[in-house]
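Hi,

Here is the structure I promised to pass on. Have a look at it first, and then read my notes below.

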Amino acid sequence: MKVRLPVRQAILNRRTYEAPAEGRAGKVRLDFNENTSGCSPAVRRALARLTAKQLAMYPEYQKPAERMARYFRVCPEELLLTNGGDDALRVFFDTFVDPSTSILICEPTFPMYRYWAEIAGAQVCAVRYGANMEFPMEEVLKGLPKNPRVLFIANPNNPTGTLIREKELRRILEAATETVVVMDEAYSEFSDFSALPWIHKYPQLFVARTFSKVAGLAALRLGAVIGCADSLALVRRAMPPYPVNLAALIAAEAAASDPARMRAYVAEVKRLRAWFATELCGLGVKTYPSAGNFLLADFGPTGPALFRKLEGKGILLRDRSKDMGNGFVRITMGTSAEMQQLLKAIRKEWKPATRNGAAPKLD
Ligand SMILES: Cc1ncc(COP(=O)(O)O)c(C=O)c1O
C-alpha cells in the first residue's frame with residue numbers, strides 16, 4: 001500500500017536525536033554532569049516501600065506539589081512539576097512559541113533549547129559567550145527589541161560555567177517586556193544564586209529546576225517550573241494530565257527530606273572544582289570559572305587524542321572540540337577518588353602541543 005504520511009515540515013527538517021553515549025554504567029562518568037556519588041539512601045528506602053496498589057493508581061499531585069513547593073520556598077500555585085528538566089523547557093514552546101516565531105539563546109549552551117525550537121518550527125537567534133566565556137550582555141539586550149518569544153539563559157551556563165547575577169539579570173528583565181525569560185537553574189545549587197525570589201516582581205520570569213543534578217535523580221526524571229501564579233496558570237493549560245510518575249515524586253520527596261546529603265555533595269563539588277582547576281592550571285591547561293558541578297577546560301590541539309585515551313581507560317569526559325574548538329572539554333566533578341584517578345591519567349597521557357619545539361602559549 002502506498003501511503004504518504006503528512007509529516008510536519010519542522011520534523012522533516014531535523015534529524016533524530018542520538019544519545020551521545022550508551023554503556024556508561026561502571027565507568028568513570030564525568031561526561032553528563034551527573035551526581036556520581038548517587039542519591040540519598042532515603043530515596044531507595046522510600047522507593048522500596050511503594051506498593052503494587054500504589055503503582056496501579058494514576059498519580060495524585062497535590063501533596064507532592066505542596067512538599068516540593070516548600071522545598072523551593074514558593075507557594076504550590078507558583079510551581080509546576082515536569083518530566084525532568086528537559087520537559088521543564090519544552091513547556092515554554094507549547095505555551096509561548098508559535099511556528100516561525102523566534103527564541104533567543106546564548107551559545108555555547110545546553111542543546112535542548114535548540115532541540116525544542118526545531119521541533120516547534122521556531123527560529124533560533126543565537127548570540128555567543130565571549131572569548132573568556134563572559135555572558136554576552138549587550139548582544140542579549142540588542143536581541144530583545146526583535147521580540148523573541150522566549151529568552152533562555154542557563155544560569156550557571158552549561159558548558160561554560162558562567163554565572164550571571166542580580167545586576168545583569170535586572171537589566172535583562174527590565175528590557176524584556178515582550179519576551180518570556182527562562183532562567184534554567186539546573187546547577188543553581190552549586191552557584192549560591194537563584195532568581196526564584198524575583199518571580200513576584202517580574203511576571204515574565206520563569207525558573208526551571210531539576211532533581212537530576214544536586215539530588216542525584218537523573219534516572220527518575222523530575223523537573224520543575226516556577227513562576228508567579230498568574231503566569232504559571234498559562235503554562236498549566238499546555239500540560240498533559242499526568243506528566244510526572246509516582247516513583248519520581250516519592251524519590252524527590254525523600255531527597256528533599258535529606259538536605260544534609262545535598263549540602264555535603266554541593267560542598268564537595270565546590271572543593272573539588274577549585275582544587276581540580278588549580279591542578280589543571282599547574283599542568284598548563286586553561287580552565288574557565290565555573291559555578292556548576294563541572295569545569296570547562298581547554299587542552300589545546302592535543303586534547304582530542306587525550307580524551308580518546310581516557311575513554312579507552314573507561315574515563316568519560318564531554319569532548320566539546322566540535323563546537324568550541326579543538327581540545328575544549330567539559331569535566332563533571334565526580335567523587336574525590338574519581339577526580340584523583342582522572343588527574344593521574346591526565347598526567348600520564350597528556351602531551352601538551354609544541355610549536356617548533358616550544359611549549360604551548362598559555363594565557
Ligand atoms: C542547563 C541544563 N538544563 C537542564 C538540564 C536537564 O536536566 P534533566 O532533564 O536531567 O532534568 C540539563 C542537563 O544536563 C542542563 O545541563
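Let me begin with the sheet: seven strands form an open, mixed-pairing sheet in the order S2-S8-S7-S6-S5-S3-S4 (strands are DSSP E runs of at least two residues, helices H or I runs of at least four, both numbered from the N terminus; two strands pair if DSSP finds at least two bridges between them). Strand S2 (79-82) and strand S4 (123-128) are the edges, each pairing on one side only. From one strand to the next, the twist averages 20 degrees.

Before going further, please note that this is a predicted model, where local features need pLDDT of at least 70 and side-chain atom pairs count only at pLDDT 80 or more, while totals for chains, interfaces and linings use all residues. Residues are numbered from 1 along each chain as its sequence is written, and side-chain values use heavy atoms, with hydrogens and water left out.

Within the sheet, S5 (residues 150-154) and S6 (residues 180-184) pair in the parallel sense over five bridges, and Val150 stands opposite Val180 in S6. Helix H8 (residues 166-175) packs on the sheet and touches S5, S6 and strand S7 (205-210) (contact means heavy atoms within 4.5 Å). The direction of H8 makes about 155 degrees with that of S6 (angles run from 0 to 180 degrees between N-to-C directions, and axes are lines fitted to C-alpha atoms, for helices over the stretch in contact).

Elsewhere, the axes of helix H11 (residues 259-282) and helix H14 (residues 336-349) come within 11 Å and cross at roughly 10 degrees. The two helices H11 and H14 are therefore roughly parallel to each other (angles under 35 degrees count as such).

Best wishes

Conventions: Parallel < 35°, antiparallel > 145°, perpendicular 65-115°, else oblique.
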